[in-house]
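Hi,

Here is the structure we talked about. Have a look through it first, and my notes come after.

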Amino acid sequence: MVGRLLVSCNDRPGIVAAVSQFLSEQGANIVHSDQHTTDPEGGLFFMRIEFQLDGLESKIEALREQFAEVANEFTMDWRITSADEKKKVAIFVSKEDHCLQDLLWRWQIGEMAADIKMVISNHPDMETIVAPFEIPYYHVPTTKDNREESAVKHLELLEKADVDTIILARYMQIIPKSMIDQYKNQIINIHHSFLPAFVGGKPYNQAYERGVKIIGATAHYVTEELDQGPIIEQDVERVDHRHEIQDLKRVGRDVERMVLARAVQWHLHDKVLVHGNKTVVFR
């Protein structure tokens with residue numbers, strides 16, 4: 001069985017040796033290792049290791065308890081996960097279906113290693129799309145006036161299904177603090193702009209008014225500050241003076257699908273480490 005170990009801490013000599021020695025003593029075989037240091041002289045250190053260990057499922061809790069001693073020595077932020085344990089996902093969507101359709105298709109063909117527990121929407125429109133996949137669909141009407149009330153219903157659904165990852169597939173509502181606090185760095189949003197340009201609503205209209213020559217999309221973790229969370233992935237497409245607003249939206253939908261899919265995949269495979277308002281992504 002394959003396990004994953006992610007580490008972030010202040011850089012100092014001996015970290016790699018200590019982690020490698022620990023895994024060796026547990027009978028684990030390191031099959032892949034990535035690391036990054038922000039500054040060779042006293043910077044931050046980030047590492048992701050994949051390892052094989054027979055019987056990991058029954059040993060993982062003990063492994064975590066034992067690794068805590070190593071982590072304490074280096075004041076690490078860390079986590080150990082099993083590659084066989086799929087993350088439990090909820091997808092939030094409004095009336096735009098392209099990101100939802102793309103995620104469901106990838107999940108159906110086995111490309112997205114997740115356990116999709118539900119789709120939640122503030123509109124009933126997407127239910128006919130979701131129904132053939134036999135995934136529960138919940139319509140929770142949400143506006144700026146009942147946002148907190150809706151969040152209570154959302155949290156009840158999420159907690160009941162033990163959801164650990166939320167994907168906002170063009171969900172056009174602001175996420176309340178109560179949900180953000182409970183799912184810190186576990187809510188992934190796709191914003192239809194190359195942030196930090198054109199935050200907020202109608203970014204394609206803003207882009208058209210500015211006469212931009214490239215448009216983009218940004219996948220990021222959700223924080224209280226709108227469209228300002230740690231960025232996971234971005235991409236762009238070139239446009240020109242011939243493109244009207246509808247053309248920008250058409251081109252942008254393709255970028256949104258790809259950017260969100262990559263960000264979700266990296267999150268599901270524990271390839272993203274968050275530090276402050278930045279990410280380190282081990283692709």
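Below are notes on the aromatic pairs and on one helix.

Some ground rules: this is a predicted model, where local features need pLDDT of at least 70 and side-chain atom pairs count only at pLDDT 80 or more, while totals for chains, interfaces and linings use all residues. Residues are numbered from 1 along each chain as its sequence is written, and side-chain values use heavy atoms, with hydrogens and water left out.

There are three aromatic pairs (Phe, Tyr and Trp rings, the six-membered one for Trp, with centres within 6.5 Å; planes under 30 degrees apart are stacked, over 60 edge-to-face, the rest tilted). One of them joins Phe22 and Phe67, edge-to-face at 5.2 Å centre to centre with 65° between the planes. Phe22 sits in helix H1 (residues 15-25) and Phe67 in helix H2 (residues 56-74), so this pair ties together parts 45 residues apart in sequence (helices are DSSP runs of H or I, at least four residues, and strands are E runs of at least two, numbered from the N terminus). Phe22 is buried at 6% relative accessibility, and Phe67 is buried at 0% (buried is under 20% relative accessible area, exposed over 50%, partly exposed in between, with a 1.4 Å probe and protein chains only). Phe22, Phe67 and Trp78 make up one aromatic cluster.

Now for helix H7 (residues 203-210): Pro203, Tyr204 and Ala207 are buried there. Just after H7, Gly211 has a positive phi of about 65°.

Cheers
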